[in-house]
Amino acid sequence: MTKLRVVDNSDIGRQAMAEGKPPKCIHVYNRTGIGYIGDKVLVAIKGEKKRGILVGLKQNQKPKIPKFDSNNIVLIDEGGTPLGTRIHVPIPTILRTILKEKTQSKGADYTKLLSIASRFV
Amino acid sequence: MNQAEVSKLVSQLKTTVNPRLRKFRNPEGPEGRLDKLRKTVTALIKHERIELNYPRADEARMYAERLISDAIRYGDTHKTTMEMADYWLVEKQLIHKLFKVLAPRFQNYDISYTRLIRAPRPYPGPEDLKAVLELRGNPYPSLRPNGSYNRNLIHNVLLEEAKKAYRAKKYAEIAAKIDAVETAVGLNTNSQTDVPENDEVVAKEVEDKSTKEEK
Amino acid sequence: MALALNIVSRTSHSISVLEQQMQKLSLVVFNSKREKHLNPKPRLRNPTWLVRKTRSHTDDPITFENREFIKEIVQDKLVQSNHAIDEIATNNVIWTPNIQRTGVIARKIGVYPLWLKNGSKMQTTLLQILDNHVIKYYTPDNYKPHKEIRPKVYNKKGCILLGAEFGDPSNFTKDYCGLFKESGVLPTKWLARFFVSPEGALPLGATISARHFQVGNYVDVRGKTIDRGFQGVMKRHGFKGMPASHGVTKTHRRGGNIGGGGEKARVWPGTKMPGHMGNTYRVAKGLKVLRLNTKYNVIWVSGQAIPGETNSIVYVYDTKIPTRTPTNPLPLPTLLQQTDEDVPEDIYDESIHIFSDPTIIFNEK
Amino acid sequence: MLSIFSKRPCIKCFSETSKILLRCSSQTATSTIERNKDQLKRQIVEYRHVYPEFLPDPKIEYRNLIREKLERADMVARRTQVDIPEFYVGSILAVTSSDRHNPEKPHRFVGICIKREYCGLRASFIVRNMIDHQGIEIMYNMYDPTIHKVEVLRLEKRLDDELLYLRDALPEYSTFDSNMDAEILPEGTPVPINPIKVKLKPRPWLERWERKNLKGIEELDLPERFFKRAKELEKPWEKYDLMKEYMRTIPEEEQIEIFSEVQAELHKLEVQRKKMKRKRVIVKPSKLA
């Protein structure tokens with residue numbers, strides 16, 4: 001039940017952050033159950049279940065990969081399309097590789113997320 | 001694989017340093033350990049020769065060496081060194097001895113400032129290892145056995161004779177080599193001189209073997 | 001005359017009959033089950049080189065001059081054994097995967113990273129190949145292992161005994177020094193045996209350098225793991241332990257249940273329990289040789305989990321993993337050192353980024 | 001304590017002393033030679049502040065002289081390709097590195113160095129900055145061959161050896177403009193120490209900073225029990241443990257041996273860097289004009 005921070009400008013995300021009720025992670029879509037950069041998570045946000053992609057983590061990272069002060073997510077829908085139109089914090093460049101790989105293996109297209117990013121780090 | 005501390009500079013100790021420090025478990029914890037050790041160090045500086053259990057002597061030796069090496073390096077005007085001396089020497093008059101007597105004494109030493117000798121343990125009695133820890137250059141008579149008669153011991157006499165024989169053989173070989181080279185230079189034919197030299201060597205080896213067998 | 005002959009022949013005949021009968025008897029005796037174990041064969045026989053190594057220290061008061069003399073003799077011997085054999089005769093056999101070469105004695109001297117050309121970091125272990133000298137060679141027929149080999153042996157191997165790092169002979173026993181008499185090298189601190197095919201045998205006194213191995217090939221490294229003493233299940237087997245709170249008392253680092261009762265009513269063999277950890281030989285297999293230093297005889301192998309602590313002795317040999325055997329022929333029996341040859345100080349694998357090369361720049365595909 | 005060691009080894013006087021040493025060796029004035037040797041030694045030992053990663057891990061079990069020698073040779077070889085300048089915890093850096101995930105252009109990250117750790121080829125440092133009100137930290141390996149350039153935008157030290165508390169400090173203390181210009185210190189000046197005291201956010205924190213004996217933070221607004229507990233956990237006797245201190249350091253004799261081995265190369269690189277800097281200084285006004 002990690003509290004996350006929505007970093008895109010989707011309505012639901014903005015409202016949740018403004019109300020001071022940040023979304024909570026209720027499931028990580030991988031085998032270990034521990035979320036890493038680029039993993040898809042299920043979050044509880046304003047009484048709804050939404051999916052998001054982790055785009056920045058507090059945990060220690062490997063060299064040259066940024067470590068953030070908060071756990072950031074970008075909300076997406078079933079097809080991988082982001083709910084918002086802009087991400088207002090930098091996202092790590094390693095997401096380009098990770099999301100491309102994930103897109104190939106599964107049906108959803110996550111690379112749309114990269115096109116709405118304002119800055120890479 | 002951490003970085004070494006660079007804020008303080010220390011001189012290299014002239015004794016071997018144990019990879020791990022002993023714990024000396026006691027009710028006061030690590031503070032009590034240092035308390036124990038500083039009593040030993042104070043006693044060493046005071047009496048210049050003490051007899052005690054080996055582990056404590058080994059541990060205290062390193063601390064005493066560090067204290068003296070710092071005293072030599074920084075002198076009595078350095079604040080941190082003075083603080084250390086104040087902590088490690090329980091009897092305060094010994095601080096003067098450290099800076100005024102021991103530091104000049106060990107100024108030009110290339111070897112360790114202390115000596116650790118294993119001592120016999122009392123029998124019957126506790127089985128702890130015993131040791132004698134002393135400062136070098138102390139006024140007491142030496143603890144080492146008198147070695148002036150060692151020369152007359154049988155193995156030394158035999159070794160002496162063996163040495164003479166070995167040296168004689170070695171010099172003879174060198175002389176033979178030089179002669180061979182001189183003859184080679186005189187003749188200016190390298191290929192021919194090689195053969196007799198080899199023969200000589202072989203002959204010598206054979207001789208050696210036969211003499212060994214005789215023995 | 002004839003009579004005498006007859007008697008002789010008769011007696012001889014009777015003797016032979018008696019012998020046969022005796023033999024039968026003895027066979028019967030030997031085969032009888034009851035007395036089979038009366039005088040059994042030794043099951044485990046120590047190798048011939050496993051003798052007491054170090055001498056007990058005696059405090060002989062030897063004079064200074066004599067001590068110097070002993071040192072001088074050792075030094076002379078050292079010079080001799082360093083020049084024991086300069087040339088190794090090649091028998092012009094080309095290496096095939098069936099032929100086993102000798103391994104070497106090495107020292108693990110540390111771990112540090114190297115970077116690959118694709119920018120990723122790789123941890124490598126540095127192994128310093130010591131001054132290996134061949135002490136003995138046992139031919140396949142000559143070598144008697146301490147345990148009976150199973151009857152079917154397709155690939156009969158001999159055995160080479162290597163020694164590394166000269167020690168002070170006065171510290172060793174007479175038996176131990178006797179092992180080195182044949183080869184003429186000074187007694188060494190470390191001994192190790194390696195199985196070799198007869199084609200890979202080396203003459204006594206020959207030395208092996210780091211270039212015995214080639215960059216890009218794979219090796220196995222055998223070493224003694226760090227002795228950790230008596231350890232609990234959490235450290236020894238990686239058990240999870242039990243919670244720190246929530247009413248748990250005195251069982252925070254315990255293993256828990258070790259099996260049921262009922263019909264079993266005992267502990268199964270192999271159950272993971274507390275005990276001595278480490279100080280056993282382990283083999284790290286299939287490590288790639290990434291770099292060679294010919295000046296200090298050091299090889300860099302991939303991985304950082306090589307058994308043993310830094311400065312411990314390890315044994316390095318060509319890998320036995322079939323999928324990683326090299327395709328190009330290896331130098332057999334070992335690389336011959338040509339004096340006039342110009343050897344680079346460092347030899348790198350093609351995947352490794354050399355530190356003196358310019359910075360890596362990634363190109364778009 | 002830091003103020004004692006804030007003096008940089010001045011390259012100019014270093015070369016002079018070496019010259020003097022050479023001159024003296026030809027003459028036969030033993031006393032002057034010894035004095036100069038002592039001076040040279042002191043200069044060499046000062047290298048430990050600038051290149052701390054050249055000193056090996058002091059733990060006896062891990063040491064091996066051949067490994068250390070090979071490692072140093074590799075480090076110097078890498079330094080000939082990339083200019084890694086002198087910097088400290090608290091300096092503001094700009095690190096340019098090529099990125100596998102974004103091959104179009106090298107990535108530049110500006111921030112404050114909050115930690116330096118490890119020795120040898122593993123040496124690394126952490127750079128921290130706030131971008132778009134989001135705190136970001138990147139750890140770099142110092143000898144990573146993908147690093148193009150390390151620029152020091154502001155050379156200074158802070159009051160502490162680690163600035164990890166910036167994670168719990170107010171954001172303005174770790175916000176730096178990514179288009180910042182390099183501030184050039186006049187030659188030969190000692191490295192300035194920034195006496196800034198950082199204000200921390202209210203608890204909860206990542207660590208219990210009140211127990212760490214930090215100098216670079218403002219007075220903490222905490223209940224008395226926190227300080228009481230911190231007082232209980234203090235280990236005031238530890239600074240008297242002479243052997244523990246010894247085992248954390250490399251003795252002077254070894255440091256001289258280590259640095260005199262790599263000194264010639266490092267000195268050459270330093271001179272090169274100086275030349276480059278001068279060139280850059282000359283170029284700047286011409287642009288303005």
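How many contacts beyond four places in sequence does the model have for residues 283–289 of chain D, over which pLDDT stays under 50? The model has zero such contacts for residues 283–289 of chain D, where two residues are in contact if their C-beta atoms, placed from the backbone, lie within 7 Å.

## Basis and confidence

This is a predicted model, in which local features need pLDDT of at least 70 and side-chain atom pairs count only at pLDDT 80 or more, whereas totals for chains, interfaces and linings use all residues. Residues are numbered from 1 along each chain as its sequence is written, while chains are lettered from A and ligands numbered from 1 in the order in which they are written.

The model scores ipTM 0.85 and pTM 0.85. For chain D the pLDDT (the predictor's confidence in each residue, from 0 to 100) averages 86, and 86% of the residues score at least 70. Residues 1–28 of chain D also stay under 50, although the model has 37 contacts beyond four places in sequence for them. Where pLDDT is low, the predicted coordinates should not be read in detail.

## Chain D

Chain D holds six helices and five strands, taken as DSSP runs numbered from the N terminus (helices H or I of at least four residues, strands E of at least two). Their order from the N terminus is α-α-α-β-β-β-β-β-α-α-α. Of the 289 residues in chain D, 27% are buried, meaning that 20 or more other C-beta atoms, placed from the backbone, lie within 10 Å of the residue's own. Among contacts in chain D between residues at least 6 apart in sequence, 68% join residues at least 24 apart.

The contact between chains D and A takes 19 residues from chain D and 16 residues from chain A. On the chain D side, strands E1 (92–99), E2 (102–117), E3 (124–131) and E4 (134–141) each supply at least two residues, and E4(D) gives the most, with eight. By class, this side of chain D has six nonpolar, eight polar and five charged residues, where Ala, Val, Leu, Ile, Met, Phe, Trp, Tyr, Cys and Pro count as nonpolar, Asp, Glu, Lys and Arg as charged, and the others, Gly among them, as polar.

Chain D also meets chain B, with 24 residues of chain B in contact with 32 residues of chain D. Helices H1 (30–47), H2 (54–74) and H3 (79–88) of chain B each supply at least two residues of the side that touches chain D, and the largest share, four residues, comes from H2(B). That side of chain B has 15 nonpolar, five polar and four charged residues.

## Helix H1 of chain B

The buried residues of H1(B) are Leu34(B), Leu37(B), Thr40(B), Val41(B), Leu44(B) and Ile45(B). They lie on the same side of H1(B) because they cover an arc of only 135 degrees around the axis, the arc being that of the directions from the helix axis to the C-beta atoms. These buried residues pack against strand E1 (49–53), H2, H3, helix H4 (93–105) and strand E3 (130–135) of chain B. Just after H1(B), Glu48(B) takes a positive phi of about 65 degrees.

Technical notes
A residue is buried if 20 or more other C-beta atoms lie within 10 Å of its own, exposed if 12 or fewer, and partly exposed in between; C-beta atoms are placed from the backbone.
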